Number of protein chains: 2
Amino acid sequence: MRIAVVAPSCPLKREAAQRVEAIVAERGDCELAIHPQCFLTDGHFAGPDEARLAALRDAMADASVEAIWFARGGYGSNRIAEAALAQIPDEARRKTYMGYSDAGFLHAGLHKAGVEVAWGPMPQDVLRSGGEAAINRALDWLVRRDPAALEPGLEAPAMAFNLTVLSNLLGTPLEPDFARVDLIIEEVSEQLYRIDRTMFHVTASANVRRVARLRLGRVSDVLANDPEFGRDETAIVEEWCARSGIPFGGRADIGHDAQNRVVPFGSQSR
Amino acid sequence: MRIAVVAPSCPLKREAAQRVEAIVAERGDCELAIHPQCFLTDGHFAGPDEARLAALRDAMADASVEAIWFARGGYGSNRIAEAALAQIPDEARRKTYMGYSDAGFLHAGLHKAGVEVAWGPMPQDVLRSGGEAAINRALDWLVRRDPAALEPGLEAPAMAFNLTVLSNLLGTPLEPDFARVDLIIEEVSEQLYRIDRTMFHVTASANVRRVARLRLGRVSDVLANDPEFGRDETAIVEEWCARSGIPFGGRADIGHDAQNRVVPFGSQSR
């Protein structure tokens, strides 16, 4: 299997690329095509919008590639998502797309367009402690659909999003249909009052209220709240689920860490 | 004029209350009724939801009060807004409501319900450098509709919101009609990449795209972006306006500071 790596958000570190290529060489069951765009920089981004869009469209149209792996998150895929999803070539529909965090903007729009996407570890994760296992988990699923890579509690159809990304795609052309979905959210580097505010926003959505249940992945690197917020992330999410009539399904095994599991969107991939 | 002060978000400092009461005593043209709820604390909030809601509803129903002044922002008014706006008593419809920042959740819902609201300085602002002038500006407008207190470029009907608050009320029952509105936004304590992301979200709204124009107040205490984002807040807002077909109307004279001006919502208050 040949896998293209592109960076629609922030640049990939050279060291991460080298370590992931070494893992792939050792596995011997796949081949990486790391697009040179991954190493561009333009302020916050992995190159200007035009370069990130062109690299993504190149990979989408490339018949030699079976999967597209987003190099890392950060911020920026929303800036090119609508253009990337206009006139999706047939070749692009035959591929699987994997990533998480900021890549959720693309996941949402691709899934809405009927293309196979999955939440899962990304190449830059190799730099985390335990990151090699994360890379192998992602590749085990991409290459041979290994069920051991999956979030263990999935009840398809499922979706997974970073909470803030989800909040920011509601009402945009990227918003998918959440009816009957096992929706998993997670968060990183936010204050609890912001998580409370974002839960207010997300659970007010009539579309989100149609989920089968909402589960909470890990909430890591919580920023200090002054004064103490007064309740934890589970209590916050449970309260907004109760207020909005959404069944709360408990915790889920995803997050911004090396333990992050794979969540294929929709029902096609169990 | 008798003005009730309540705190639907975070607690008011005693020192701020005392200093505002001294200003009011010196003016002699109005009277403050600072609700004891303003000094409650419950984690992040000025008392539990029930206490904040009860104080707001007390003030709304109080026939002796002509205006309700929100004590300060922070976070939390969204948690009680829908309940406060259910079955608005006739007395509540005869009053003017003033505040800014987190109070925008209430402003949106009150304005949508046909009640007079205005963006403007709040009691806690007296603690800012130059805060006495801000308090007098707010009172000049509340008590005698002094046009010198107004944001100088208003083309009614107008509205003003903190950008993040605006983003978080879209799609909720609080969302007002933005058609033909002179919409002013401002921001505080955010990173530029977040402002870019929030502008993506806000300008994707079909409702927001119906504004007459969008103007940008001050963006203060911008948090460090690593690496440098690559463009400033004006360029960010101009770009998303251009992308979404919203006329950009330039900068506006509001913000999280003592220079903050008054923006009456709608067309009734020029």
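# Chat about a predicted two-chain model

User: Where does A:Ile184 lie?

Analyst: A:Ile184 sits in strand E7 of chain A, which covers residues 182-188. Keep in mind that this is a predicted model.

User: Is A:Ile184 buried or exposed?

Analyst: Buried: its relative accessible area is 0%. The cut-off for that word is under 20%, so A:Ile184 qualifies.

User: What is A:Ile184 in contact with, leaving aside its neighbours within four places in sequence?

Analyst: The partners include A:Glu151, A:Leu154, A:Met159, A:Phe161, A:Arg215, A:Ile254 and A:Val263. A:Ala160, A:Gly217 and A:Ala252 are also among them.

User: And how far apart are the C-alpha atoms of A:Ile184 and A:Asn162?

Analyst: They are separated by 8.5 Å, while the two residues are 22 apart along the chain.

User: New topic, the two chains. How many residues of each are in contact?

Analyst: Chain A has 36 residues in contact with 36 residues of chain B. The area buried between the chains is about 2,900 Å², and carbon and sulfur atoms give 48% of that. On the chain A side, the residues losing the most area to chain B are A:Arg79, A:Arg197 and A:Phe200, which together make up 22% of what that side buries.

User: What about polar contacts across the interface?

Analyst: There are 24 residue pairs in polar contact between chain A and chain B, counting pairs with both residues at pLDDT 80 or more. Four helices of chain A each supply at least two residues to the side that touches chain B: H3 (78-85), H7 (163-169), H8 (192-203) and H9 (233-244). H8(A) gives the most, with seven residues.

User: How do the residues on that side of chain A divide?

Analyst: Into 13 nonpolar, 13 polar and 10 charged residues.

User: How can chain A be laid on chain B?

Analyst: By a turn of 180° with a shift of 0.0 Å along the axis, giving an RMSD of 0.0 Å. That is the relation of a two-fold axis. The same surface serves both copies, as 100% of the contact residues of chain A recur in chain B.

User: Which residue of chain A comes closest to the rotation axis?

Analyst: A:Gly171, whose C-alpha is at 3.6 Å from the axis.

User: Now salt bridges. How many are there over all chains?

Analyst: The whole structure has 54 salt bridges. Between chain A and chain B the count is eight. One example is B:Arg79 with A:Glu239, where the closest N and O atoms are 2.7 Å apart.

User: What does B:Arg19 pair with?

Analyst: B:Arg19 forms a salt bridge with B:Glu15, at 3.4 Å between the closest N and O atoms. Both lie in helix H1 of chain B (residues 14-27), four residues apart, about one turn of the helix. B:Arg19 is partly exposed at 38% relative accessibility, and B:Glu15 is partly exposed at 43%.

User: Which residue meets B:Arg210 in a salt bridge, and where are the two?

Analyst: B:Asp177, with 3.0 Å from N to O. The pair links distant parts of the chain, 33 residues apart. B:Arg210 is in the loop between helix H8 and strand E8 of chain B, and B:Asp177 is in the loop between helix H7 and strand E7 of chain B. B:Arg210 is partly exposed at 44% relative accessibility, as is B:Asp177 at 47%.

User: Which residues do salt bridges with shared partners join into one network?

Analyst: From chain A, A:Asp49, A:Arg52 and A:Arg79; from chain B, B:Asp196, B:Arg231, B:Glu239 and B:Arg243.

Conventions:
Residues numbered from 1 in each chain as written. Chains lettered and ligands numbered in written order. Predicted model: local features only at pLDDT ≥ 70, side-chain atom pairs only at ≥ 80, totals over all residues. Heavy atoms only, no water. Contact = heavy atoms within 4.5 Å. Buried area = accessible area lost by both parts, 1.4 Å probe. Salt bridge = Lys/Arg side-chain N within 4 Å of Asp/Glu carboxyl O. Polar contact = N/O pair within 3.5 Å; in protein donor to acceptor, adjacent residues only side chain to side chain. Nonpolar A, V, L, I, M, F, W, Y, C, P; charged D, E, K, R; others polar. Least-squares fit on C-alpha atoms with pLDDT ≥ 70 in both. Buried < 20%, exposed > 50% of the residue type's maximum accessible area, 1.4 Å probe, protein only.
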